[in-house]
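New notebook page. I'm opening the structure below and jotting down what I look up.

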Amino acid sequence: MREKIGQINVMLADGLSDKERTQFLNIDPGLFINPYDGTISHRDMYDYLHFTRAGYMKFCEPILEEVQTLLKEFVKSGSQEPVEDETA
């Protein structure tokens, strides 16, 4: 199943690569999977499917880092360009 999820993530990343203002962030499964035996700790996923609080902290850290990087780039560029509402 993990291999199939990895393949789906590659397809999603490829499909989104040409979309403006869209970024696919593939969270490293190594944050959760023991490299020696392939298990997932119950501390990260209490039922081995849904994150615990600790699991969400690990999951969200790379997202937070990416958002902070994007915000720094935005501020550095001095861009005040309005974002168009693409739903209209």
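This is a predicted model: local features need pLDDT of at least 70, side-chain atom pairs count only at pLDDT 80 or more; totals for chains, interfaces and linings use all residues.

**Aromatic rings**

I started with Phe32, which is buried at a relative accessible area of 9%; buried means under 20%, exposed over 50% and partly exposed in between, with a 1.4 Å probe and protein chains only. Residues are numbered from 1 along each chain as its sequence is written, and side-chain values use heavy atoms, with hydrogens and water left out.

Next I searched the whole structure for aromatic pairs and got three (ring centres of Phe, Tyr or Trp, the last by its six-membered ring, within 6.5 Å; planes under 30 degrees apart are stacked, over 60 edge-to-face, the rest tilted). Phe32 and Phe51 have ring centres 5.0 Å apart and planes at 40°, so I logged the pair as tilted. I checked Phe51 too: it is buried, at 19%. Phe51 also pairs with Phe59, again tilted, at 5.2 Å centre to centre and 35° between the planes. Phe59 is partly exposed, at 27%. I noted one aromatic cluster made of Phe32, Phe51, Tyr56 and Phe59.

**Asn9**

Then I looked at Asn9 and found its side chain in a polar contact with the side chain of Asn26, at 3.4 Å (N or O atoms within 3.5 Å, one able to donate a hydrogen and the other to accept it; residues adjacent in sequence count only if both atoms are side-chain atoms).
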